Amino acid sequence: MKIIADTGRCVGAGQCVLTDPEVFDQTEDDGTVIVLVSEPMGEAADHARDAVHICPSQALSLVE
């Protein structure tokens with residue numbers, strides 16, 4: 001599984017970071033998503049799925 005982030009859609013809500021700060025972070029300037037681990041495994045993969053579902057701007061997606 002790979003995480004795809006569309007930074008153009010991201011509104012900087014930070015829900016992904018709250019879901020898993022080891023996989024996601026935010027930029028200092030505008031708060032858009034940074035993917036720290038593009039291919040998470042195990043529990044981090046489950047958290048990534050959760051982050052995709054709760055992202056308010058639908059800026060995250062997964063490629064299985």
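Buried, as used here, means under 20% relative accessible area, exposed means over 50%, and partly exposed covers what lies in between, with a 1.4 Å probe and protein chains only. The model is predicted, so local features need pLDDT of at least 70 and side-chain atom pairs count only at pLDDT 80 or more, while totals for chains, interfaces and linings use all residues. Residues are numbered from 1 along each chain as its sequence is written, and side-chain values use heavy atoms, with hydrogens and water left out.

**Cysteines**

Cys-10 counts as buried because its relative accessibility is 17%. Cys-16 is also buried, at 10% relative accessibility. A disulfide is a covalent bond between the sulfur atoms of two cysteines. The criterion applied is a pair of cysteine sulfur atoms within 2.5 Å. By this rule the structure has zero disulfides. The closest cysteine sulfur to that of Cys-10 is in Cys-16, and because the distance is 6.3 Å, the two are too far apart for a bond.

**Nonpolar core**

A nonpolar core is a set of buried Ala, Val, Leu, Ile, Met, Phe, Trp, Tyr and Cys residues joined through side-chain atoms within 4.5 Å. The largest such core has 13 residues, and those with the most contacts inside it are Ile-3, Cys-16, Phe-24, Val-33, Ala-51 and Leu-60. Helix 1 (15–19) and helix 2 each supply at least two residues of this core. The largest share, three residues, comes from helix 2. Helices (H or I, at least four residues) and strands (E, at least two) are DSSP runs, numbered from the N terminus.

Contact means heavy atoms within 4.5 Å. With neighbours within four places in sequence left aside, Phe-24 is in contact with Ile-3, Cys-16, Val-17, Val-33, Ile-34, Val-35, Leu-36, Ala-48, Ala-51 and Leu-60.

**Surface patch**

Val-37 is placed in the loop between strand 3 (33–35) and helix 2 (43–54). Its relative accessibility is 32%, so Val-37 counts as partly exposed.

**Salt bridges**

A salt bridge is a side-chain nitrogen of Lys or Arg within 4 Å of a carboxyl oxygen of Asp or Glu. The structure holds two of them, as tabulated below.

| Salt bridge | N to O distance |
|---|---|
| Asp-46 and Arg-49 | 3.5 Å |
| Arg-49 and Glu-64 | 3.6 Å |

Salt bridges that share partners join Asp-46, Arg-49 and Glu-64 into one network. Arg-49 lies in helix 2 and Glu-64 in the segment after strand 4 (60–63), so this pair ties together parts that are 15 residues apart in sequence. Asp-46 and Arg-49 both lie in helix 2, three residues apart, about one turn of the helix. Asp-46 is partly exposed because its relative accessible area is 43%. Arg-49, at 32% relative accessibility, is partly exposed, whereas Glu-64 is exposed, with a relative accessible area of 67%.

**Loop residues**

Thr-7 is found in the loop between strand 1 and helix 1. Thr-7 is partly exposed, at 45% relative accessible area. Not counting residues up to four places away in sequence, Thr-7 touches Thr-32 and Val-33. Thr-7 and Pro-40 are 33 residues apart along the chain, and their C-alpha atoms are separated by 19 Å.

Ala-13 has its place in the loop between strand 1 (2–5) and helix 1. With a relative accessible area of 41%, Ala-13 is partly exposed. Ala-13 is in contact with Gln-26 and Pro-56, leaving aside neighbours within four places in sequence. From C-alpha to C-alpha, Ala-13 and Asp-46 are 20 Å apart in space, and they are 33 residues apart in sequence.

Gln-58 is placed in the loop between helix 2 and strand 4. Gln-58 has a positive phi of about 55° although it is not a glycine. Gln-58 counts as exposed because its relative accessibility is 55%.
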